[in-house]
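Q: Please take a close look at one part of this predicted model. I would like to follow its salt bridges.

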Amino acid sequence: QVQLQESGPGLVKPSQTLSLTCSVSGESITANWYNWGWVRQPLGKGPEWVGYIRHSGGTYSIPSLASRAFISRDASKNQFTLQMSSVIPEDTAVYYCVRYYTKDYVIDYWGKGTLVTVSS
């Protein structure tokens, strides 16, 4: 059974850097066919991709966040991390780490999510 668990601060001040870590069990983050990423959902709005890291180590962030959002991994710990710089209140959302199965083009596993609030 694959499990994903987010960790990180629940409150970040504007202009600071948000850092979230996803700890994965039950599957290696370097295994073929899977991308590992972050999806966020602002309160009252729909979910949106933030970005992902491929099994090969290549990364992608959505264009609107590409200058601020960076995803990396520590394969030895089976963890991947989101760092988002210069946060603004509009970055307030529930952040989920997810596994994306590239063969079927679906997100097949989600973490429970963690609320991050950007506020002074």
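**Salt bridges up close**

A: The predicted model holds five salt bridges. Take the pair Arg99 and Glu27. Their side chains meet in a salt bridge, at 3.8 Å from N to O. This pair links distant parts of the chain. Arg99 sits in strand β9, while Glu27 lies in the loop between β3 and β4. The two are 72 residues apart. Now check their surroundings. Arg99 has a relative accessible area of 5%. Buried means under 20%, so Arg99 is buried. Glu27 has a relative accessible area of 24%, and is partly exposed.

Next comes Arg40. Arg40 forms a salt bridge with Glu48, and their closest N and O atoms are 2.6 Å apart. Arg40 is buried, at 7% relative accessibility. Glu48 is partly exposed, at 29%.

Then turn to Asp91. Asp91 forms a salt bridge with Arg68, with the closest N and O atoms 2.9 Å apart. This pair also links distant parts of the chain. Asp91 is in the loop between β8 and β9. Arg68 is in the loop between β6 and β7. They are 23 residues apart. Asp91 and Arg68 are both buried. Salt bridges that share partners join Arg40, Glu48, Arg68 and Asp91 into one network.

Terms used. Residues numbered from 1 in each chain as written. Predicted model: local features only at pLDDT ≥ 70, side-chain atom pairs only at ≥ 80, totals over all residues. Heavy atoms only, no water. Salt bridge = Lys/Arg side-chain N within 4 Å of Asp/Glu carboxyl O. Helix = DSSP H or I, 4+ residues; strand = E, 2+ residues; numbered from the N terminus. Buried < 20%, exposed > 50% of the residue type's maximum accessible area, 1.4 Å probe, protein only.
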